[in-house]
Amino acid sequence: MSISREDSVQTISRKRSHAADGEGGTGPVSDEAALSSPAWDKRRALTTDLMERICNPSNLNQAFKKVKSNGGAAGVDGMTVDQLFDWIKANKEAIISSLLDGSYKPQPVRSVEIPKPSGGIRRLGIPTCFDRFIQQAILQVLQPIFDPTFSDSSFGFRPGRSAHDAVKKASHYVNSGKQFVVDVDLEKFFDRVNHDILMSRLARSVGDKRLLKIIRRFLTAGHMKDGVVIQRGEGTPQGGPLSPLLSNIILDELDKEIERRGHSFCRYADDCNIYVSSLASAERVLQSITRWLEKTLHLKVNITKSAAAPVEERKFLGYRILSDGRLSVAKESLARFRKKLRDLTKRRTPRSVEKVAIDLTPFLRGWLNYFRLSQSRTLFYELDGWVRRRLRCIQLQQCKRFKTQVRFLVSKGISEINAKRHASSGKGKWRLSQTPVINKAMNNKWFELIGLFSLEKSYLLLKSNGTA
């Protein structure tokens, strides 16, 4: 059974007056009023058979292929993705039966903590492979229903939208004169989503009570750490396929509120920036949105990380937006780039410089692909030079003996007298790496021959193709 066009294009309209922040306005529509309106009744009536759609063989097959291709670690039961097919095949009837009668119970997620790039710890919840399969099957049915109702200024975890789209739109707002930003940082958002509020938003559009019960069980399944299951009264753990959609459903309330106030904004997951024309407006909006989030969605704004400021002083999705709308790489992103390169180019790593150059390619290509919107050829030129200098240090380190270093430099066209002078120098490898002789021996052409990826050349190629 396929999802009809009527199901997928139903949208929500709200009649609210546009009032200045903190001055009147009709306020958010109550859950009771919304759930009793004819529009919501009609919408839910179209979604009472969602579990049958979820259990449709073609939907389940698609979900399995997606989970299989994504791979990922095992959950608390230890089952790997490679073992998933045989388990589903052996338990197919019981699986479908438990879904159709609403009795399916997910297992706890496996708790994993990873460091954040900006400091602190991010807690992930890894569902079992089978629970990921069920979540993916649910996502494929719910996404076409909810996605058309989301704001045009929401970009995270949505089909056909990307972080680049969000950055471009933010750049457009700034270029149009809105040079002040309200940078809203939600404190531990995924850990603090209120289950009751989320379920009430789901119930507005989902009339299948079996599905609502199962989603509630996913939210309350708890997480296992060191063999102990800890129950969870709030939050939607990062790590499952369904979590991004649920986060968009709850934060769509924020989007609608900002739209009601008539502001320009971009949101990517829990990263939300609102663009205004003056600092006073930015400060006022930050205060009023903070109050609204805490009162309406029970979410806490991190005051130390949130700010009302000129756009150049803040970053958005790793980019820095200049006052004329041009894009550059944020200093925090550059610092992470350099740290990663240092880790990948440690001098004592027992690898040839050729092998290091090749190993750097995936990282450098991926980094450039993300930051290709930056309008700064000079930056990529400078980073290329820094990477080459790191590799020259590796080569000098590996030529430990005097004779070995002389032989290498002579083979690269350096006179024997100059080669011996540099090989006997008391300067450190980092200082030597920028001398004219060493630069001549390991010039740009040599780096091309050993396969080093060039950020600047690739950037210019992308720009000539119209993709940067």
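In which helix is His195 found? His195 is found in helix H10, where helices (H or I, at least four residues) and strands (E, at least two) are DSSP runs numbered from the N terminus. The model is predicted, so local features need pLDDT of at least 70 and side-chain atom pairs count only at pLDDT 80 or more, while totals for chains, interfaces and linings use all residues. Residues are numbered from 1 along each chain as its sequence is written, and side-chain values use heavy atoms, with hydrogens and water left out.

His195 has 4% relative accessibility and therefore counts as buried; buried means under 20% relative accessible area, exposed over 50%, and partly exposed in between (1.4 Å probe, protein chains only). Leaving aside neighbours within four places in sequence, His195 is in contact with residues including Arg216, Leu219 and Thr220. Contact means heavy atoms within 4.5 Å.

Next comes helix H11 (209-220). The buried residues of H11 are Leu211, Leu212, Ile214, Ile215, Phe218 and Leu219. They cover an arc of only 165° around the axis, which puts them on the same side of H11; the arc is that of the directions from the helix axis to the C-beta atoms. An α-helix has 3.6 residues a turn, so residues three or four places apart point the same way. The face turned away from the buried side of H11 carries the exposed residues Lys209 and Lys213. The buried residues of H11 pack against several helices, among them H7, H10 (195-205) and H12. After H11 comes Gly222, with a positive phi near 85°.

A search of the whole structure finds 5 cavities of 30 Å³ or more. On a 1 Å grid over the protein atoms alone, a cavity is a set of points where a 1.4 Å probe fits but cannot get out, and lining residues have an atom within 4 Å of a point. Grid points are joined across faces, edges and corners, and a volume is the space filled by probe spheres set on the points. The largest cavity has a volume of about 120 Å³. Its lining has 16 residues, and those nearest the centre are Gln135, Phe218, Leu219, Thr236 and Pro237. Helices H7 (129-146), H11 and H12 (243-260) are the elements that give two or more residues to this lining.

Two loop residues remain. His298, between helix H13 and strand S8, has a positive phi near 55° and is partly exposed at 47% relative accessible area. Leu317 lies between strands S9 and S10; its phi is positive, near 55°, and at 14% relative accessible area Leu317 is buried.

Technical notes. On a 1 Å grid over the protein atoms alone, a cavity is a set of points where a 1.4 Å probe fits but cannot get out, and a pocket is an open set with protein on both sides within 12 Å along at least five of seven lines; lining residues have an atom within 4 Å of a point.
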